[in-house]
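Colleague: I would like to learn how to read a model like this one. Please take the features one at a time.

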Amino acid sequence: MADGPVAEVLLRRLETADGGLDSAELATELGVEHQTVVGAVKSLQALGEIIETELRSSKRWELTAEGEEIAQEGSHEARVFRSIPPEGLPQSELMRLPSGKVGFSKAMSNKWIRVDKSAADGPRVFRVVDSVEDEVQRRLQLVRGGQAEKLGEKERSELRKRKLLTEVTLKTYWVSKGSAFSTSISKQETELSPEMISSGSWRDRPFKPYNFSAHGVLPDSGHLHPLLKVRSQFRQIFLEMGFTEMPTDNYIESSFWNFDALFQPQQHPARDQHDTFFLRDPAQAQQLPMDYVHRVKRTHSQGGYGSQGYKYNWKLDEARKNLLRTHTTAASARALYRLAQKKPFTPAKYFSIDRVFRNETLDATHLAEFHQIEGVVADHGLTLGHLMGVLREFFTKLGITQLRFKPAYNPYTEPSMEVFSYHQGLKKWVEVGNSGIFRPEMLLPMGLPENVSVIAWGLSLERPTMIKYGINNIRELVGHKVNLQMVYDSPLCRLDAERGPPSTQEAA
Amino acid sequence: MPTVSVKRDLLFRALGRTYTDEEFDELCFEFGLELDEITSEKEIISKEQGNEKAHGASDVVLYKIDVPANRYDLLCLEGLVRGLQVFKERIKTPMYKRVMPKGEVQKLIITEETAKIRPYAVAAVLRNIKFTKDRYDSFIELQEKLHQNICRKRALVAIGTHDLDTLSGPFTYTAKKPSDIKFKPLNKNKEYTACELMNIYKTDNQLKHYLHIIENKPLYPVIYDSNGVVLSMPPIINGNHSKITVNTKNVFIECTGTDFTKAKIVLDVIVTMFSEYCENQFTVEAAEVVFPNGKLHTFPELAYRKEMVRADLINKKVGIRETPENLAKLLTRMCLKSEVIGDGNQIEVEIPPTRADIIHACDIIEDAAIAYGYNNIQMTLPKTYTIANQFPLNKLTELLRQDIAAAGFTEALTFALCSQEDIADKLGMDISATKAIHISNPKTAEFQCLRICVLFSSLSSAVSHLLLQVARTTLLPGLLKTIAANRKMPLPLKLFEISDIVIKDSSRDVGARNYRHLCAVYYNKNPGFEIIHGLLDRIMQLLDVPPGEKKGGYAIKASEGSAFFPGRCAEIFARGQSIGKLGVLHPDVITKFELTMPCSCVEINIEPFL
């Protein structure tokens, strides 16, 4: 209570004090616990500028309970000495005294007493000297009298080792008048109450000021995962651009849709065990669209549709092999095949964002599964310029405006281009996506009209998210090892808004 | 993407000018290459094996250049320089010629025993070639690059190059029992049988990777000359007798394989690249190969093919407006000699034997676009008018996750692949009851995490194992593992995830399908069944499903499940079907996931609510 008796006394003393006063001294003068004075100081502090305080700390030696007892009664060894009469005392009796055990060995080593083991009724203890100086008691009394500094460092530490002394740090306040000093303080209200509102008493009451530098109490709430927040934004961008979402809810895919349909030859390194997870059960896809499969087979092994083909022995068994899809382009192939079956052809814009699986070497930026973002446009007469135009619009929505394009190779797109953007933090061009025009050898066997072009691009969801949220290790973002605090603390995902602090930029 | 390492100064000498690193990087970017790294042998060794080992190594500057995976003609210094010089119009693309020798033509006879193991072989001769140390190194390095890429680690094609002057034709390519093959292999001074060699090479860091190609076959492929000298035992090793050196004048090249097309491409690439150093530049001496059926083929093919492309097609596909003449010029800069013919809109393009990647007009169109400069193309927006639609399942998922987070649960994102133990053993189930799909090449991943322990200033390493054997059939294990990794967080922990699980389903084309599940867990000092039950009630409210067993409503009924504490499990029925379970987890499950507090959970399939 700010108007408690101690606070009042403190203010009155302070009014007449020269400069200020010390909280510990005041406690001694008033004969109260120091903590009581500290409480008064704190309550006055809360009232604003009434007092000014300065925290001071000082070290002081204090006696322990045992030290207190020795200062009073004498050391154990002295007490043992005094309890021995001139005719001696049986050792067993001496040991029963309160100070017996400790005092005996100390008194022995001080050569104050001796033991006669040959006495008739067992070992007997005798005085060696007539009188002793109880040095321990004297020293402890010095400390008790506040004169610990008269003792040497060695003496003090010896007493501390015997657990007779402790060093305590005393925190005291030096209190002086504040800019709004006054001895008359009235009780301040902490909060507005319904009663005050109804009675109108709030008009006459002073209110305790708020501490605006304190943190608020965070609301109890659930949180969305940062990577999926970014996924939502990408979905939003595609929807804003008029793209329809493809179904991708099939992690298991046949090699046919994952590779063959994309004109990716059966000896392609991506179809190796080292790169792709194949299935043991169910090992094979039983149903494939056989008419279409035959067109695909012919295109691979003999060519056609203006192509030389790869000229190798295409095997159905290889195409039936089930796997965990290595890219969402498998889903795009299914979507384009469905589109091709609709007559007449209607232009389409598709997108998907979902998981893909790779049998990769795992490290800080690679996992066996990650999310792929893919955009596809199918229409008559699309050009490379159109692809670049769509990419420019797409990346602008991500807040990436400086783009350039590098020729590249993908098995299923031709022409192909990698998309680079200038990274302000790294001061260099970094790859942000891959793109191209699907090969005729992929589209024509599906049954799409010859003058229809399909442009497509893809990127990973994890990479822009790691850059956005300044995460260096992918395991901190995806999977069960995620740090939930990071999830709790992650901000909104606003891809086109200003970039984060400089540390965020380093993440790339 | 293959990376070719070339000496910078050698490269610049061949290009006839020097570049700054930035200028050369720019040139690469424009051409579709990537200057990946600037380094030196010394730097590489010191990075990989430490500074001491690097002492005395060469510090000649090396450029490591990434080459597109289909451009086998750019896998060596000779090819890179030729490609760039033609691109910059400093030289014209050479015309590669096959000639018959004045004397006897070299012959390679294939016997029928090879049919079951490695049926194809092609051959050629580089006559009067002049090697230097650098040229020789490049020749060896090109073979290695081809082996690693188009040859699929020698499985499809293996190359052998020999000093022809040490041999005498005709050559025989046959297959024999390993115990019957005996020769002195490259860089050994003793003869070994094939069986012995296979044993010796098991510990050879380079060759051990190729042994599997023939290891368990009854017959091994082998090539002899007319005196019975072994040229090579493809795809493992050459003989020491015909080893080529810097001083070799005449090189006999043989490529054997299981893919005839690729063997021909590989031979064409080698001879087109290195005939540059022959007395008659870019001229290759033919060799004849007799197939088991008696047919005679002459190699290398060095086939030139003519393609006709309409100029307006190129303009239309790229989105530019160039004259046919200009387009022909652009293509010529890409080593595709082109001229305008016919009605003035036709461009005749000559595909040289170096460009096996050109298999369709679209490949020609891409080259025109590269020569034009991708970044010079005008960006335009297609006029494609479409109305966007969300995939209904994802739309429902998006709506639900927002409101479940609003109900106080935090979203997790866990892996779809996991161990058998996670989805079965730890949940008290047998794996056969899960209907899970199984991976045939599961991954055991060891994560090495180096942690610097400041207190003792020493390095300690922690290794954790992760086994990827199956796709998850439930979301619960992922959430429990997420809690286990976050035990330090203040309680209660309330987590949820909406994602796909995979179940075998023979009615689907691939024999398996995804289901979209919603799972939530509550982890605290008390099980909090009422909280999880309340969440289910809230979810049903959100899905507009009323309580009650009446048609269209939902209800929970006492049930049991191996993952649940007896008497604390209920099955959830909605819209007339079972959609999942909720309950308090069994203490054994809690313990197996390394948790210590009670935990309740709910997991449902949300697809019935579409």
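Colleague: How are α6(B) and α8(B) oriented to each other: roughly parallel or roughly antiparallel?

Modeller: The model is predicted; local features need pLDDT of at least 70, side-chain atom pairs count only at pLDDT 80 or more, and totals for chains, interfaces and linings use all residues. Residues are numbered from 1 along each chain as its sequence is written, chains are lettered from A and ligands numbered from 1 in the order written, and side-chain values use heavy atoms, with hydrogens and water left out.

Modeller: Now the angle. Axes are lines fitted to C-alpha atoms, for helices over the stretch in contact, and angles run from 0 to 180 degrees between N-to-C directions. Under 35 degrees counts as roughly parallel, over 145 as roughly antiparallel, 65 to 115 as roughly perpendicular, and the rest as oblique. Helix α6 (residues 133-148) of chain B and helix α8 (residues 260-274) of chain B cross at roughly 160°, and their axes come within 11 Å. α6(B) and α8(B) are therefore roughly antiparallel to each other.

Colleague: Where do the helix names come from?

Modeller: Helices (H or I, at least four residues) and strands (E, at least two) are DSSP runs, numbered from the N terminus.

Colleague: Is the crossing of α6(B) and α8(B) left-handed or right-handed?

Modeller: A crossing is left-handed if the near helix is turned anticlockwise from the far one by less than a right angle, and right-handed if clockwise. The crossing of α6(B) and α8(B) is right-handed.

Colleague: Which residues of α6(B) and α8(B) meet?

Modeller: Contact means heavy atoms within 4.5 Å. From α6(B) come B:Arg135, B:Ser138, B:Phe139, B:Leu142, B:Gln143 and B:Leu146, which meet B:Val266, B:Val269, B:Ile270, B:Met273 and B:Phe274 of α8(B). The residues of this contact divide into 8 nonpolar, 2 polar and 1 charged. Here Ala, Val, Leu, Ile, Met, Phe, Trp, Tyr, Cys and Pro count as nonpolar, Asp, Glu, Lys and Arg as charged, and the others, Gly among them, as polar.

Colleague: At what angle do α12 and α15 of chain B pack?

Modeller: Helix α12 (residues 392-406) of chain B packs on helix α15 (residues 529-542) of chain B at about 140°, with the axes 11 Å apart. That angle makes α12(B) oblique to α15(B). The contact is made by B:Leu400, B:Asp403 and B:Ile404 of α12(B) with B:Leu535, B:Arg538, B:Ile539 and B:Leu542 of α15(B). Its residues divide into 5 nonpolar, no polar and 2 charged. α12(B) passes α15(B) in a right-handed crossing.

Colleague: Which peptide bonds are cis?

Modeller: Most residues other than glycine have a negative phi, and most peptide bonds are trans. The bond from A:Asp281 to A:Pro282 is cis, with omega near -5°, and A:Pro282 sits in the loop between β9 (279-281) and α13 (290-301) of chain A. The bond from B:Phe299 to B:Pro300 is also cis, with omega near -10°. B:Arg154 is not a glycine, yet has a positive phi of about 70°; its place is in the loop between α6 and β7 (157-163) of chain B.

Colleague: What is the mean pLDDT of chain B?

Modeller: pLDDT is the predictor's confidence in each residue, from 0 to 100. The mean for chain B is 91, and 96% of its residues reach 70 or more. Over residues 446-464 of chain B, however, the pLDDT is below 50. Chain A averages 87, and its residues 500-508 stay under 50.
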